[in-house]
Amino acid sequence: MHVTVLGAGTMGHGIAQVTATAGHDVVVRDIESEYVEEGITAIEDNLEGGVERDKLTREEADATLSQIEGTTDLEAALEGADVVIEAVPEDLELKQRTLEDVEAVVDEETIVATNTSSLSVTEIASAADHDDRVIGLHFFNPVHVMELVEIVVPEQASEATVASAHEFVADVEKTPVEVTDSPGFASSRLGVALGVEAMRMVEEGVADPRDVDTAMELGYNHPMGPIELGDVVGLDVRLDILEYLREELGERFRPPQALKRKVRAGNLGKKTGEGFYVWEDGEIVGVSGGEGDE
C-alpha cells in the first residue's frame with residue numbers, strides 16, 4: 001500500500017513511522033524542506049530509542065526508514081496514493097483547502113483521512129467533491145507508543161470507506177474505536193472535560209498541580225495527570241479545543257481564566273519551557289509561579 005502523510009510535524013511524522021513499520025511505502029510531505037527534514041530526524045530518533053531499549057532490532061529500524069520518503073512536492077507525494085492522511089494544523093479552512101488540493105490529484109478510489117482531534121470531520125469533508133471517501137483517523141501522541149486510533153465517521157462517509165479505515169488501523173497494529181462525528185468526538189471531549197476541571201481546581205486553590213496529577217495517576221491509574229498532560233499537549237491547543245467545544249456544547253467547556261492568562265503570556269507548556277509546570281530538557285523541574293499565574 002502507498003500512503004501519503006501531509007504534514008511532518010509531531011503527529012504527521014508519527015503516523016508515517018507506524019505506517020512504514022507496518023511495511024507500507026510512505027511519503028511525508030510538508031511545505032518547507034526543513035520541516036520535512038525535522039520530521040524524518042524525529043523518526044530516526046524514535047527508532048534509535050527503540051533499538052536502545054530493545055523494542056526493535058537495528059534491521060527493523062533500518063527497514064522502517066527505507067520505506068519513508070520526504071518531499072515538498074504535493075503532486076509527487078500524492079502520485080499513486082491508496083490512502084492520504086492529512087496532519088496539517090487544526091484550522092478548518094486549511095484542512096478544507098488541503099482536501100481540495102488532494103482531490104485535484106488522486107484517484108476517486110483513494111481514501112482521504114483527516115487527523116483532526118476536535119474539528120468537525122463532516123464539515124471538513126464538505127469541501128470534497130467525493131465526500132463519501134473522507135474519514136477521520138484521530139491518532140494519539142506519541143503515535144508510535146499510543147495504541148488507540150479514533151475512527152470518526154462523518155455523515156457523508158460510505159460503508160466501504162469506514163471498512164477501509166478499520167482495515168488500515170488494524171494493519172498498522174492500532175486498536176480502533178468508532179464514533180459518530182460530533183464535537184470533540186469521544187476522547188477529546190472526555191479528556192478536555194477532565195483537564196478543564198483540574199485547571200479550575202488549581203485556579204480555586206483546591207490543590208496544587210502536582211497533587212492534582214498525583215491523585216489521578218495513583219488513584220485512577222492514569223499514566224499522566226491532567227495538568228501535566230495539558231502542558232505536554234500545549235495549553236494553546238487546549239484553549240482552542242475548549243473554545244470550540246464551548247461554542248458547540250455550552251458553558252461547561254468555558255476555559256478557565258488561568259489558562260487564558262498563560263496562553264496570553266506565551267506560557268504554552270512543555271514546548272515553551274513553562275505552563276502550569278516549569279520544564280527543562282523535556283522534564284518537569286518545578287511548578288510555575290511566573291507571569292500568567294493566579
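1. A residue is called buried when its relative accessible area is under 20%. S117 has 15% relative accessibility and therefore counts as buried. Please keep in mind throughout that this is a predicted model. S117 lies in the loop between β5 (111–114) and α6 (121–125), and, leaving aside residues up to four places away in sequence, S117 touches E90, H138, F185, S188 and I241.

2. S117 is one of the positions that the UniProt annotation "binding site", taken from an unreviewed entry, covers; the others are G7, A8, G9, T10, M11, G12, D30, E90, K95, N141 and K271. These positions span 265 residues in sequence and their farthest two C-alpha atoms are 23.5 Å apart, so they do not all gather at one spot.

3. Where in the fold does G12, another of the annotated positions, sit, and is G12 buried or exposed? G12 is found in helix α1 (residues 10–21), and because its relative accessibility is 0%, G12 counts as buried. Its contacts, not counting residues up to four places away in sequence, are with V5, G7 and A87.

4. Turning to the sheet, eight strands form an open arrangement with mixed pairing, in the order β3-β2-β1-β4-β5-β6-β7-β8. The edges are taken by β3 (68–71) and β8 (175–180), each of which has a single partner strand, so one side of each is left without a neighbour in the sheet. From one strand to the next, the twist averages 25 degrees.

5. Within that sheet, β6 (residues 134–139) and β7 (residues 148–153) pair in the antiparallel sense over four bridges, and F139 stands opposite V149 in β7. Helix α7 (residues 159–171) packs on the sheet, where α7 touches β1 (2–6), β4 (83–86), β5, β6, β7 and β8, and the direction of α7 makes about 25 degrees with that of β6.

6. How far does helix α2 (residues 33–52) reach from its first C-alpha to its last? For its 20 residues the distance is 29 Å, close to the 28 Å expected at 1.5 Å a residue. The buried residues of α2 are V36, G39, A42, I43, L47, G49, G50 and V51, and they pack against α1, β2 (25–29), α3 (58–66) and β3. Just after α2, D54 takes a positive phi of about 60 degrees.

7. A similar check can be made on helix α8 (residues 187–203), whose 17 residues should span 24 Å at 1.5 Å a residue; the end C-alpha atoms of α8 are 24 Å apart, which agrees. S188, V192, G195, V196, A198, M199, R200 and V202 are the buried residues of α8, and what covers them includes β6, α9 (209–219), α10 (226–233), α11 (235–249) and α12 (257–264). After α8 comes G205, with a positive phi near 80 degrees.

8. Two of the helices that cover α8, namely α9 and α10, have axes that come within 7 Å and cross at roughly 105 degrees. Because angles of 65 to 115 degrees count as roughly perpendicular, α9 and α10 are therefore roughly perpendicular to each other. Where they meet, P209, V212, D213, M216 and E217 in α9 face P226, I227 and E228 in α10 as contacts.

Definitions and conventions
Residues are numbered from 1 along each chain as its sequence is written. This is a predicted model: local features need pLDDT of at least 70, side-chain atom pairs count only at pLDDT 80 or more; totals for chains, interfaces and linings use all residues. Side-chain values use heavy atoms; hydrogens and water are left out. UniProt positions are given in the numbering used here, feature names are shortened, and annotations may be inferred rather than shown by experiment. Buried means under 20% relative accessible area, exposed over 50%, partly exposed in between (1.4 Å probe, protein chains only). Contact means heavy atoms within 4.5 Å. Two strands pair if DSSP finds at least two bridges between them. Axes are lines fitted to C-alpha atoms, for helices over the stretch in contact, and angles run from 0 to 180 degrees between N-to-C directions. The expected span of a helix is 1.5 Å times one less than its number of residues. Angles under 35 degrees count as roughly parallel, over 145 as roughly antiparallel, 65 to 115 as roughly perpendicular and the rest as oblique.
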